[in-house]
Amino acid sequence: MKIDVPGKVEGARIGVVAPLGMAAPRASARPAPAASGADLRLRGGRRLRERAIELFLLANGSAAVLIIGLIFVFLFKEGLAAFRDIQPIQFIGGQENTPTYDPELDTFTETRQFALVWQPVSDSPKYSLLPLLNGSLLVALPATLISTVIGLLVGIYLAELARARVRELAKPAIELLAGIPTVIIGFIMLTVVASLVQSITHSHFRLNAFVGALGVSLVIIPVVASLTEDALRAVPEPLRLASYGLGATRWQTVSRVVVPAAVSGITAAGILGFGRALGETMIVLMATGNAALITGNILSSVRTMTATIAAELGAVARGSEQYHALFFVGATLFTITFMFNLTAEVIVARMRRRLRM
Amino acid sequence: MSGQTITEQPGPPTPVASQSKIVVSGLDAFYGNVQVLHGISMDILEHQVTALIGPSGCGKSTFLRCLNRMNDLIPGARVSGNVLLSGLDIYARGVDAVEVRKRVGMVFQKSNPFPKSIFDNVAYGLRLAGVRNRSALEERVEESLKDAALWDEVKDRLNQSALDLSGGQQQRVCIARALAVKPEVVLMDEPASALDPGATTKIEELIHDLRSHYTIVIVTHNMQQAARVADFTAYFYLGKLVEMGPTRQIFTNPENKHTEDYITGRFG
Amino acid sequence: MEAKIDKAPPKAPEPPSRRPDYSGLIMTSLCRGATFLVGGVLVLLLFHIARHGAGVVSWDFLTKAPVEGMTAGGIFPAIFGTLAITILMIVLALPLGAFAGIYLVEYAGGGLLARLIRAAVNNLAGVPSIVFGLFGVGFFVLFVGRNIDRGLGPAGRSAIEQALGTGGGAAETGILFGQPIMLWAAATLACLVLPIIIVTTEEALSAVPQSHRDASLALGATRWQTVRDVVLPQARAGILTGAILSVSRGAGETAPILFTGCAYFLPRLPVAELFGVIPMVNPLDQFMELSYHIFILATQSTDSQATLPLQYGTTLVLVALTFMLNLTGILLRFVFRRRLARLS
């Protein structure tokens, strides 16, 4: 079959080649595709079902929002109800008759003092939050300090320094540590570590804030380490390459380029760790001694907000003053950790936006 | 089949008064505020292969996706204008994009078979349509695999994973999968660009054979491929349709200087 | 005028010598040391528990009930209760969390609602466990429970009790749901693990290549059909991993269940027979639980020396349980991530 190719035989230039399937199109007796006549473009029933499914999924999705909202509402509803019976000032301190000893006169005189005491079960119940805040901070701050330092070192090791084989073993190990129930860590602190610490420090209280802080660190270190590692891994590789290209050693690259670039993520890790430390319940309940004192001595027995709720909620009557006071403590705790989480999230969001060069 | 010289083209038989399967008029497409298609108007004839060519970023893939409303899935995408499939505007109010896609199938650039068996891949669309009868499914699957020129190679291992096949075979599974639902139009977005020459040839032969039962629109950056495979060619540039006509004419005697420049490789 | 050359000609620059990076070596060792310290603590901990608990754990220990004021016997009821509560928890949390994850990834895109939900999930993950306990008491037990009781009335309450075959006399006391029971403890735990499930589901779904969704949609499938037939089969393993990790977490948490249903000693197991025929766990009953048991044994037993062996034994069982679950979850996640990397 000779075909006339008119004009410029540019066909050759483009290299129009060879024959394709020159055989006649396969003659099978297949029916042609369905005629496009009947047009039911709009399938009502199916569209309705799809919409229903989407709404169902949306409802499930909103569950998380609903729950956090309910927590917020109920906590504050029951907590603020405390103000029906308790003056706000009482959450700071209350008037109390304290006997003071006058050495010159060798007498006890009763003076009215503004006492910062948490003692809901007494003739004149006192609801000062300050001892509880003191306790929570006295445990959470040292714990966060220890955990941030160690967690940072571990995070750097896992992200930048460890060989792949080591990393594959170490990372799950750290995660497994995070998976140990806190009640067991509290148990070990209570049974073993407290005595150990006491024999070293000769502290007056066997169960004290320091023991609690140690236990809490065990739980927080994996959190900080893991978040730090994520933050470090998020630093783009080109930055490292540039540093190496300029002749820096590995540690110099890590300390001068990578870590500074990840500083917001690391800060966020620390903040989240602190929030977590404040919220820890079982370890402090079992290992800190539960004496509601105001003190700066880390070897003193303390009581945290969380332990207070856990220790007293079982014994209150619903609707009583103490019941509402406990909810108020819970609401305060929730607000504080919420603030810290929010701050950490904002920092992380800002870091992500900045690194999206 | 041998002995044909380079100057001869195995052109298609003269079209028998083909009807327009798809009529596009004044199609504009936007991603957010950026306009990517400007006033495209063209007729795509039934039982013909129409190729869309042009340099990267000229809008040909976007245009292709407008024909089966896959563009709807991109957030911020918007179109205006008409696309008539067999006389019915697929962008009219109340039209269900899902139904459109049952009639206008698509084969993607990088083959994407599901991690299921070959049989389940090809039968996927049929099961969606409600076909449950095992023997009906088997019959249609065999038919589609034959159409895709893959039956002989896989007929003994239909239950094996489609991912175990070579690249070219996977792409033919995807073609079979698209054909199984008997669409009226098959859109192909650079179907052979990720394949080696041997597999590419098979795909091109396939396209040639499918013409008799389907209308095919193929995007390709490979002009030789367009010349080999297509009855009609449309040249796109920067979101505009520069020229469209019978392939032979476009490649040998284009009306537009710009087209000629692209064809002869002066740019792109 | 000639410039006086009073400076000595510049010396040729010395080739840079690489002295060992001392500070780098020290810091690297410090980092390595810290990691091995942490790992060492973990090993020490487990070793210590195993050493003191191994002698106590026996077949009898695992299958019998405690006797003699908890100083002897076994912990079977606590094991049973732990299994019951975690199963109930996962039944409540998994569908809810998985569907929420599906919504977030497949339907919501990046809109305001999606961001709101994700923010809520993040915040839920940061709520202290005792606050969940407060919520469980204040909302589930006292609000929902009491209202259900009120709605059921004496007739409804005794009907349910009849059906379960428990003769609790709730018709008179007026309290069936409005007290600490397994159901509410499970619900509280479910709220706690919900973020875990949602996040792992999101991860699993996002790992499915978009090209598969495109292919399915191009064949005329609806969004739900695509999710059901193409995406979910691939994401199942990941979602399962999330469930396993949640179960491990739920089994280890104590604070949320302190006041929502847990008890130290119960004379019988929380079971019932539906219509007198079908044996089932009774969610309207109280239950014993491993972590709670350890807590009470350690802090409130009358003779802590005598119960010490039991404390270690129970601890060993709980650690073994959570450890195995965690390990399985971590391994699964590893395998599943590797498999998906190969696919895409």
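Predicted model: local features only at pLDDT ≥ 70, side-chain atom pairs only at ≥ 80, totals over all residues.

**Exercise 1.** In which sense do strand 7 and strand 8 of chain B pair, and over how many bridges?

*Solution.* Residues are numbered from 1 along each chain as its sequence is written, chains are lettered from A and ligands numbered from 1 in the order in which they are written, and side-chain values use heavy atoms, without hydrogens and water.

Step 1. Helices (H or I, at least four residues) and strands (E, at least two) are DSSP runs numbered from the N terminus, and two strands pair if DSSP finds at least two bridges between them.
Step 2. Strand 7 (residues 185-189) and strand 8 (residues 215-219) of chain B are parallel, with five bridges.
Step 3. One bridge sets B:D189 against B:V219 of strand 8 of chain B.
Step 4. Helix 7 (residues 197-210) of chain B packs on the sheet and touches strand 3 (49-53), strand 7 and strand 8 of chain B, contact meaning heavy atoms within 4.5 Å.

**Exercise 2.** State the strand order of the open sheet of six strands in chain B, and identify its edge strands.

*Solution.* Step 1. The order is 6-7-8-3-9-10, with mixed pairing.
Step 1. Strand 6 (104-107) and strand 10 (240-246) of chain B are the edge strands, each pairing on one side only.
Step 2. From one strand to the next, the twist averages 20°.

**Exercise 3.** Classify the crossing of helix 4 and helix 6 of chain A.

*Solution.* Step 1. The axes of helix 4 (residues 164-179) and helix 6 (residues 209-233) of chain A come within 8 Å and cross at roughly 140°; axes are lines fitted to C-alpha atoms, for helices over the stretch in contact, and angles run from 0 to 180 degrees between N-to-C directions.
Step 1. Angles under 35 degrees count as roughly parallel, over 145 as roughly antiparallel, 65 to 115 as roughly perpendicular and the rest as oblique. Helix 4 of chain A is therefore oblique to helix 6 of chain A.
Step 2. Among the contact residues are A:I174 of helix 4 and A:L218 of helix 6 of chain A.

**Exercise 4.** Which type of aromatic pair do A:F74 and C:F143 form?

*Solution.* Step 1. Rings of Phe, Tyr and Trp (its six-membered ring) pair if their centres lie within 6.5 Å; planes under 30 degrees apart count as stacked, over 60 as edge-to-face and the rest as tilted.
Step 1. The centres of A:F74 and C:F143 are 5.1 Å apart and the planes stand at 65°, so the pair is edge-to-face.
Step 2. A:F74 belongs to helix 2 (residues 44-80) of chain A and C:F143 to helix 5 (residues 129-164) of chain C, so the pair joins two chains.
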